[in-house]
Amino acid sequence: MSMAPEHAPTMARLSLAQRLAPWMPVLLVPLLVLAGLLAIPNTSSWLTLTVSGLAMGMMIFLMASGLTLVFGLMDVINFGHGAFVSVGAFVGVSVLLLLGGMTGAPSLALNLAAMGLAVIGAMLATGAMGWAFEKVIVEPVYGHHLKQILVTMGGLIVVEQLIIVLWGPEEIYISRPEALKGAITFAGAALEKYRLVAVGLGLVVFAAMRWTLRRTKIGLIVRAGVENGEMVQALGYRLRLVFVGVFIAGSALAGLGGVMWGLYQEVVSAHMGNQAMILIFIVVIIGGLGSVEGCFIGALLVGLMQNYVAFLEPKVALISNIGLMVAILMWRPMGMIPVVKAK
Amino acid sequence: MSDPILRLEGVYTNIAQYHILQGVDLEVPRGAVTMLLGRNGVGKTTTLRSIIGHWRAHQGRILLDGQDITRMPTPAIARAGVGFVPEDMGIFANLTVEENMVLAAVSGPIDSARLDWVFQAFPPLKTFWKSEAGNLSGGQKQMLSIARAMVEERRLYLIDEPTKGLAPAIVSTMARALRELKAQGASILLVEQNFSVARALGDSACVMDDGRIIWSGEMRELVTDAALQERLMGLSMEAH
Amino acid sequence: MIKAVLSGDMPRSLVLALILGLILVCLALAPFLFPGVRTVDTAARICVFIVLVASYDLLLGYGGIVSFAHTMFFGIGAYGVALALTHLGRGFDAILVGAGAGALLAAALAFVIGLFSLRVRAIFFAMITLAVASAVAVLVSQLSGLTGGEDGLTFKTPRALGPAFKFGDELFGVKLNGKLLSYYVVFIGSLVLFLLMLRVVNSPFGRVLQAIRENDFRAEAIGYRVVYYRVAATCLSAAVAALAGSLYAIWLRYVGPDTTLSMEIMIDILLMVVIGGMGTMYGAVIGATLLVLAQNYLQNLMGVAGSLVDGVPVLPQLLDADRWLLWLGVLFILSVYFFPTGVVGRLRRG
């Protein structure tokens, strides 16, 4: 390197396209928001829809993050993931119904406390369920994708039926806590209070996940494990325990998503997990299996797309998301932020 | 000679339906460097992977300091003090050099004296401390791979072809680091195709063929006997 | 002679051969052996599902391709016939046009999806087919002007296939009318399609497909363009599924999103192919028969059992007739673990 000090090799400098490439996925979000602004004539409607879209995106992110992390780390595809969403929703709603006093009061603090308890209840239930699911259903079929798909689908069916056994076949209607009902007006647009809370919560969880993955040792182990599980074990870490931990965390997150989703729609049913799975799959595919950031961006895109298109042409809403998925796969077949796997 | 730190007795390992190791008997003396030599495909890498537990030996025994580690799970073997440097280096490309090292320091934060020693042995690692490991050159990745094993004190190092495909300047850096490890009293089992490195570093040598050890003894024996080299490996060390 | 008809794919187990023979006889003579609207309907359902599941087995069991878009193709065939009979009059030509168009459209869609699968991993592909099939189901429910939406389409089949058409008086107590003919259209159509699938999987094409399933890398190395075979298998499977849908539409004289496009049907297909035995074709026969019978009659059984344990907490709900899917799900999971080769594999082994 000291041989020719005047010589500055230019091959090290990347072209603009190459330097922009890692940022493209993030840029897609503001791009879509802008497109929405152009397509929707009324600015205040656009603002309402954007907040709604972001809120929906956050909730889908919560539900989808567990799935993508589990696949990235354990190479396990869990088609039964929707079951955790449903169970979380039902447990959360049951807790909220029990705490009717707290949710009925017009105090924001009490309402949030009630929601917090519901969320904790849901996460505990789905976390425990996740542990059992992993032990009984998933662990025996490590490494066999086809069997995983079949068995986890079977698990989904069984859990859905068990929900009906425990809670009955009817849908349960739930209204949002008092202080979170209604909307605030901002720049002429009506922004539902609950949706703002959802957006806030989503950001907090995303930040927490990123922090855990990037700044803690366990996060390091997970990220390294996603790349090369064998080497992580050769360093001395019991990857199996990490697997179970991530699976439980993923299930708990799905449960959290389920509670938020249930309150968003103000109704819970045994099939809601299944219905959410379509959007969850689209998000996970768009984001790239194993990438939390990709999942976040993908979820925001899907949420925004769903809300914008539903306003413009309701029948085409779901198809538009399929179209988004196809477009992104044509651009990057492994998803926006694919995780590079060793071998 | 004191008892060996590692002993393999009649180890058989299969991969799917392929019988790779067919009764390996091997001893790694304490505090010395043992070279594992042989042509491509004879089972050298499989031997190392069987020791660290990535592949299970279905017959025979592997003893680490007298402890039977044949069926131990890999993480436990690693924690028992075995450092593994695989053939493909196994570095985590998405993590920074720092993160790779922090991860390798299983027991806690990295000992600063030890880190200084690593930086001395491999200066580029200090330069690229905060860079993603995937951006390193081949030689630098290899340095990182060994540095990871070095970051904590280990009883035994299993190193698989650390100098493969590297420029001569980097090879000498590598050899120097391994020599320093040896000076610290570590025991090393080293698979190496570069005979000048093997000759310079090895105290004893084991030659493999067809999944079995066909010769083992002192390195100087092998080095001085060209006919023996020819017989064992089909070519002499001088040719390289 | 039997060997030729079965394209050399013998049952290879006495018990299996007997069971298959029994099923064949029962289905062939269903209107006479089990007269009654409900039983004949069950038999027709079994015929249709045998074909549907067999076409799925071609894809999954022989091709190793996991896809959730199968109900979409089933629906395309069914709606094809429905729309043709609604808009082109109630003749046999309308049926042919509808079924033909359905099969072609299904094959074309399968072609596009198959090509797309080139770009993405197998796991992605499975998830994508799930998303696409769900989206299509939603779309069909929403385009109510064309498809009748949630309520579906009721239509008339040719007079010759209706109960009013009589071509004789009675035979063994069964009325010789168009409904009987209609059943035999379904039965013979299903039989022909099933034997056709047997032919395909036992042909050189089928063998290459299995080789690809085992090791696609090696197959490509030997010289078979894996892509072509996979896409061809997907198209064929889709076309047969569409034809099964057409038969179903003819029988029911009704199509709707819940009879053809729903996730429940996809899960039913999965259950049937796994419990019956993947990669065997005969597994489809066993699986479809078992499950359709279970769906119709197990529920009654469970209802009875449920009433017996009334008063015990939780147990009555577990045994509630509507919870038959719960037990089927458990059976399904157990099958994947302990009987990966299904009933057929089990019978062939022992």
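Analyst: A crossing is left-handed if the near helix is turned anticlockwise from the far one by less than a right angle, and right-handed if clockwise. H10(C) passes H12(C) in a left-handed crossing.

Now the residues. H10(C) brings Val208(C), Leu209(C) and Ile212(C) to the contact. H12(C) answers with Val226(C), Tyr229(C), Arg230(C) and Ala233(C). Sorted by class, this contact has six nonpolar residues, one charged residue and no polar ones.

Next, the geometry. Two packed helices are described by the angle between their axes and the distance between the axes. Helix H10 of chain C spans residues 204–214, and helix H12 of chain C spans residues 226–252. Their axes come within 10 Å. They cross at roughly 115°. Angles of 65 to 115 degrees count as roughly perpendicular, so H10(C) is roughly perpendicular to H12(C).

How far can the chain be trusted? The mean pLDDT of chain C is 85. In chain C, 97% of the residues reach 70 or more. Confidence there is highest in helix H4 (residues 37–62), at a mean of 92. Helix H16 (residues 315–318) of chain C has the lowest, at a mean of 69. Where pLDDT is low, the predicted coordinates should not be read in detail. The model as a whole scores ipTM 0.90 and pTM 0.84.

Elsewhere in chain C, look at Lys156(C). This residue sits in the loop between strand S1 (153–154) and strand S2 (166–171) of chain C. Lys156(C) counts as exposed because it has 12 C-beta neighbours inside 10 Å. Leaving out residues up to four places away in sequence, Lys156(C) touches Leu85(C), Arg90(C) and Arg253(C). Asp216(C) is 60 residues from Lys156(C) along the chain, and their C-alpha atoms are separated by 47 Å.

Last, the other chains. Two pairs of chains touch, and the most contacts are between chains A and C. Chain B and chain C do not touch. Their nearest C-alpha atoms are 15 Å apart. Chain A does meet chain B: 15 residues of chain A are in contact with 17 residues of chain B. On the chain A side, helix H9 (217–227) and helix H10 (229–235) of chain A are the elements that give two or more residues. That side has eight nonpolar, three polar and four charged residues.

Note on methods
Residues are numbered from 1 along each chain as its sequence is written. Chains are lettered from A and ligands numbered from 1 in the order in which they are written. This is a predicted model: local features need pLDDT of at least 70, side-chain atom pairs count only at pLDDT 80 or more; totals for chains, interfaces and linings use all residues. Axes are lines fitted to C-alpha atoms, for helices over the stretch in contact, and angles run from 0 to 180 degrees between N-to-C directions. Helices (H or I, at least four residues) and strands (E, at least two) are DSSP runs, numbered from the N terminus. Angles under 35 degrees count as roughly parallel, over 145 as roughly antiparallel, 65 to 115 as roughly perpendicular and the rest as oblique. Two residues are in contact if their C-beta atoms, placed from the backbone, lie within 7 Å. Ala, Val, Leu, Ile, Met, Phe, Trp, Tyr, Cys and Pro count as nonpolar, Asp, Glu, Lys and Arg as charged, and the others, Gly among them, as polar. pLDDT is the predictor's confidence in each residue, from 0 to 100. A residue is buried if 20 or more other C-beta atoms lie within 10 Å of its own, exposed if 12 or fewer, and partly exposed in between; C-beta atoms are placed from the backbone.
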